[in-house]
Amino acid sequence: MSLAGYEFEVQRDDGLATEEMTLNMGPQHPSTHGVLRFVVKADGEIMRTALPDIGYLHRSIEKISEKVGYHGFMPYTDRVDYVSAMQCNQGWAMVCERAAGIEVPRRGEFCRIIACELGRIASHLLSVGTMVMDIGGMTPFTHAIREREKVNNLLEDLCGARLTFNYMRIGGVAWDLPPGYAEQVTAFLDQFEPLIAEYNDLISYNKIYVERLANVAAVSKEEAINYNLVGPNLRGCGFQYDVRRDEPYSIYPELDFDVPVGTGEVGTLGDCFDRYIVRIKELKESCKIVRQCLDMIPDGPVLARVAKKLKPPVGDAHVRVEASRGDMGWYVVSDGSEFPYRTKIRTGSFSAMSIVDKLSRGIMIADLIALIASLDVVAPEVDR
Amino acid sequence: MASSMGRYLKHAKDAVATIFEGMSVTMSHFVRKPYTIQYPDRTAVRVQDTLPLRYRGILEVDLEICTGCLACERACPIDCIVIDAPKDKVTRAMLLSRFDIDIAKCMYCGLCSEVCPTGSIHHTTEFEGADYSLESMIRRFVKDPVLAYKAKKGEETDPLIAPILDRGMEFLAEWAEPIDMKKYKKEQEEAAP
């Protein structure tokens, strides 16, 4: 049989019965990034299928929105994707603003983008760090977490929390930038940007690491679109699509940034390494965006006055934001009361789970870890 | 045969070279300043004292300046604040007879302290609240029923209450001031010719 370019010969003695082995990976497995279970059917080391079993982290967040109202739902959006909560905050704020026709002050938009891009840096650092750790390298994880800690400190100065920010409000942001914040962020970016190159020296182009990821679980462009992959997973296949650029919102049209795509530099286009390296490249782009925002930020108010009991007119609204795990859709239906009639959140991790079954056929069990890590699945975002 | 042997040797050479490259980064950390600290007993100052004023730790209530307006109770999305503020039938004054916060339920979102008009309910920088029972996680702020605070027209003159009110206002000043967008735009247009 053939497997990723290698030829195997399966030898079996006559008369010995063989059967497929069924294994449970998870739900409490450190490399499934949350409570997530995979039912693996394997023939020795080679996998037949790996079926994801989701739902362990379902907290009915969409239903909760129907009980707590528009303002009260903001802290719950932090819990949709707790690794990069800022973009979830922004999605909810934007969809309510669109439903109720609220305008955000210009400085507020800049504060949002600065916070979002810092959040993206923190999220991608955790993603690349845990990916290396899942595969067996311990040191790079501590390097990534050290830098993430500094971003968390910056966000703590900004909004008083390190993970569940609740920073944004319908109509702007709840806190203005503290005094001297621009200098603090610039100082962090100045020392962080050289560290990306150092991180590449340390692990990204390490031959053993590259060989471990190259040609594993490659996704073609067509497959990626058919399975609805979004964000870095889609860009890893060489398809240049970014909501920030192609369906711009907030102040992104005024900013200058590139959309990095996978090039298949060490193996097939769209393999695990491409998905990994796209995230490393996006770190640089996020730094660029934060710097531009700090230069361009105007003076003025950051929060527009909104009714305490917000009652958007009857109708619905939909927005898309580019979260760290890709295109995140927010949809809200208003019946004119102070509670949403229905909320729907569409997340990138959920659609990434659907392709695991397809990609896992014929790869080694150990490569499943690399596959899940490269898809950057966050379990609470899958279930919500 | 020779080519596959050559390829194998090249792979091995690349692996060794890149490992040394990575090791040089690791070695350089021997001469860098360490980023880790020994928590909690060997820090120079208490971690709580290094946190920003905006830090959202365990909630605290200054009953002296609580107006009993119930804005925090209404803003809380998970109903972890319970306030009883009945009106005295004779004197028509508002009495605070109960102010409980269940910090086991609290999710530290800050929506309650945002709406407080005097900064009475605010987050502290304390974050260590472990205890043995759920009952002890409920912070009961009212020991004996007290009169609710009434905002005065001028400055606060009571020497006992004035510093507490000043501190409350300090917490409030951190929050962004909401503005009327229509008015603001008009002003901007008038300012720009």
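**Figure 1. Two strands of chain A side by side.** In this predicted model, strand E3 (residues 21-25) of chain A and strand E4 (residues 37-43) of chain A are paired antiparallel through five bridges. If you want one pair to look for, take A:Leu23, whose bridge partner in E4(A) is A:Val40. Keep an eye on A:Val40, as the next view comes back to this residue.

**Figure 2. The hairpin of E4(A) and E5(A).** E4(A) also pairs with strand E5 (residues 46-53) of chain A, again in the antiparallel sense, and here there are seven bridges. Across from A:Val40 you'll find A:Ala50 in E5(A). Two residues sit between the strands of this hairpin, and A:Gly44 takes a positive phi near 70°. While you're looking at strands, here's a handy rule: in a regular strand, side chains alternate between the two faces of the sheet.

**Figure 3. A:Tyr82 in its loop.** Where does A:Tyr82 sit in chain A? Look in the loop between helix H2 (74-77) and helix H3 (85-100) of chain A. A:Tyr82 counts as partly exposed because it has 16 C-beta neighbours inside 10 Å, and a residue needs 20 or more to be called buried. Leaving aside residues up to four places away in sequence, A:Tyr82 touches A:Leu163, A:Thr164 and A:Pro380.

**Figure 4. A:Asn166 and its positive phi.** A:Asn166 isn't a glycine, yet its phi is positive, near 50°. You'll spot A:Asn166 in the loop between H5 and strand E6 (168-169) of chain A. Is A:Asn166 buried or exposed? A:Asn166 counts as buried, because 23 C-beta neighbours lie inside 10 Å.

**Figure 5. A:Asp376, another non-glycine with a positive phi.** The phi of A:Asp376 is about 55°, which is positive even though this residue is not a glycine. The loop that holds A:Asp376 runs between helix H14 (365-375) and helix H15 (379-383) of chain A. How many other C-beta atoms lie within 10 Å of A:Asp376? There are 28, so A:Asp376 is buried.

**Figure 6. Inside the largest nonpolar core.** This core holds 108 residues, and those touching the most other members are A:Cys96, A:Ala115, A:Leu118, A:Tyr167, A:Val173 and A:Leu371. Helix H4 (residues 106-135) of chain A gives the core its largest share, 15 residues. Apart from this core lies another one, of 20 residues, including B:Val61, B:Phe99, B:Cys109 and B:Ile121. Zoom in on A:Leu371 and, not counting residues up to four places away in sequence, you'll see it touching A:Val216, A:Ala217, A:Cys272, A:Val356, A:Leu359 and A:Ser360. As a general background point, nonpolar side chains tend to be buried together in soluble globular proteins.

**Figure 7. Where chain A meets chain B.** Chain A puts 30 residues into the contact, and chain B puts in 31 residues. On the chain A side, the elements giving two or more residues are helix H1 (61-72), helix H5 (139-159), strand E7 (172-173), helix H6 (181-204), helix H7 (207-213) and strand E8 (303-304). H5(A) makes the largest contribution to this side, with five residues. Sort the residues of the chain A side by type and you get 15 nonpolar, six polar and nine charged.

**Figure 8. Strand pairing across the two chains.** E8(A) is joined by two bridges to strand E8 (residues 178-179) of chain B, and these strands run parallel. To find the spot, look for A:Leu303, which stands opposite B:Pro178 in E8(B).

**Figure 9. Chain B and its spread.** Chain B has six helices and eight strands. Its radius of gyration is 28 Å, well over the 16 Å that the globule rule gives for 193 residues, so chain B is more spread out than a compact globule. Its C-alpha atoms fill a box of roughly 105 × 65 × 35 Å along the principal axes, and 20% of its 193 residues count as buried. Among the contacts in chain B with a separation of 6 or more, 78% are between residues 24 or more positions apart.

Figure 10. Across chain A the average pLDDT is 86, and 95% of the residues score at least 70. Over residues 1-8 of chain A, though, pLDDT stays under 50, and the model has eight contacts beyond four places in sequence for them. Where pLDDT is low, the predicted coordinates should not be read in detail.

Conventions: Residues are numbered from 1 along each chain as its sequence is written. Chains are lettered from A and ligands numbered from 1 in the order in which they are written. This is a predicted model: local features need pLDDT of at least 70, side-chain atom pairs count only at pLDDT 80 or more; totals for chains, interfaces and linings use all residues. Helices (H or I, at least four residues) and strands (E, at least two) are DSSP runs, numbered from the N terminus. The radius of gyration is taken over C-alpha atoms; the globule rule is 2.2 Å times the number of residues to the power 0.38. A residue is buried if 20 or more other C-beta atoms lie within 10 Å of its own, exposed if 12 or fewer, and partly exposed in between; C-beta atoms are placed from the backbone. Two residues are in contact if their C-beta atoms, placed from the backbone, lie within 7 Å. Ala, Val, Leu, Ile, Met, Phe, Trp, Tyr, Cys and Pro count as nonpolar, Asp, Glu, Lys and Arg as charged, and the others, Gly among them, as polar. Two strands pair if DSSP finds at least two bridges between them. A nonpolar core is a set of buried Ala, Val, Leu, Ile, Met, Phe, Trp, Tyr and Cys residues joined through C-beta atoms within 7 Å. pLDDT is the predictor's confidence in each residue, from 0 to 100.
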